[in-house]
Structures are given as C-alpha cells and as structure tokens.
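The sequence and model come first.

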Amino acid sequence: MIETLKILSELKIDVGQIGTRMSGSNATTTGDDRRCAFFFEVSGHLSDAVLVTAVKTLQEHGKGVTVLGSYPALWQPG
C-alpha cells in the first residue's frame with residue numbers, strides 16, 4: 001500500500017478515502033492465502049490524463065487495478 005500511496009502522491013492525486021477488505025478463500029481466518037484489498041477514492045475522472053498515468057504506473061508496478069466507478073464532477077471549483 002505504501003508504494004501505491006507514493007505513486008499517487010508523486011502524481012499529486014487527491015485521495016479522499018481509503019478502505020480495506022480481506023479477500024481470498026480463507027478470508028475469515030489466518031492463513032497464507034489471506035490477502036487484503038485496498039480501495040481508494042480519488043478526485044478526478046478516469047479520462048483525466050493524470051489518472052490514466054496513475055493506473056498505468058500502478059499496473060507496471062504489478063498492482064492489480066479495478067475501477068469500480070468514474071463519475072464526472074457536477075461542480076468545478078472556479
């Protein structure tokens with residue numbers, strides 16, 4: 001997770017919220033197949049060049065990236 005945060009920080013992407021969820025076939029008990037998935041809520045739209053770069057960079061570093069949604073802002077600060 002630290003490497004992911006470093007990449008987002010270097011690209012000056014505003015992270016609004018971070019969530020976690022245990023995953024894997026044995027998610028409720030301890031074991032080698034237990035993994036943790038992280039969910040990041042960031043400012044911007046997936047069509048923004050900086051987010052395109054972020055997704056590509058994370059994938060190049062071996063991070064699994066799944067976009068759960070990308071919505072245009074209703075209001076842009078002036």
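Which elements do the buried residues of α1 pack against? They pack against β1 (15-23), β2 (35-42) and α2 (49-60), where contact means heavy atoms within 4.5 Å.

The model is predicted: local features need pLDDT of at least 70, side-chain atom pairs count only at pLDDT 80 or more, and totals for chains, interfaces and linings use all residues. Residues are numbered from 1 along each chain as its sequence is written, and side-chain values use heavy atoms, with hydrogens and water left out.

**Chain and confidence**

The chain has two helices and two strands, which run α-β-β-α from the N terminus on. Helices (H or I, at least four residues) and strands (E, at least two) are DSSP runs, numbered from the N terminus. The predictor's confidence in each residue is given as pLDDT, from 0 to 100. Its mean over the chain is 84, and 82% of the residues reach 70 or more.

Where pLDDT is low, the predicted coordinates should not be read in detail.

Of the 78 residues of the chain, 10% count as buried; buried means under 20% relative accessible area, exposed over 50%, and partly exposed in between (1.4 Å probe, protein chains only). The chain exposes about 6200 Å², and carbon and sulfur atoms supply 53% of that area. The areas come from the Shrake-Rupley method with a 1.4 Å probe; for residues, only the protein chains shown count as cover. Among contacts between residues at least 6 apart in sequence, 46% join residues at least 24 apart.

**Helix α1**

Helix α1 spans residues 2-10, and T4, I7 and L8 are buried in it. Seen down the axis of α1, these buried residues fall within an arc of 95 degrees, so they line one face of the helix. The arc is that of the directions from the helix axis to the C-beta atoms. An α-helix has 3.6 residues a turn, so residues three or four places apart point the same way. On the other side of α1, I2, K6, S9 and E10 are exposed.

T4 counts as buried because its relative accessibility is 10%. Leaving aside residues up to four places away in sequence, T4 touches F40, L58 and K63.

K12 lies in the loop between α1 and β1. Phi of K12 is near 60 degrees, a positive value in a residue other than glycine. K12 is exposed, with a relative accessible area of 75%.
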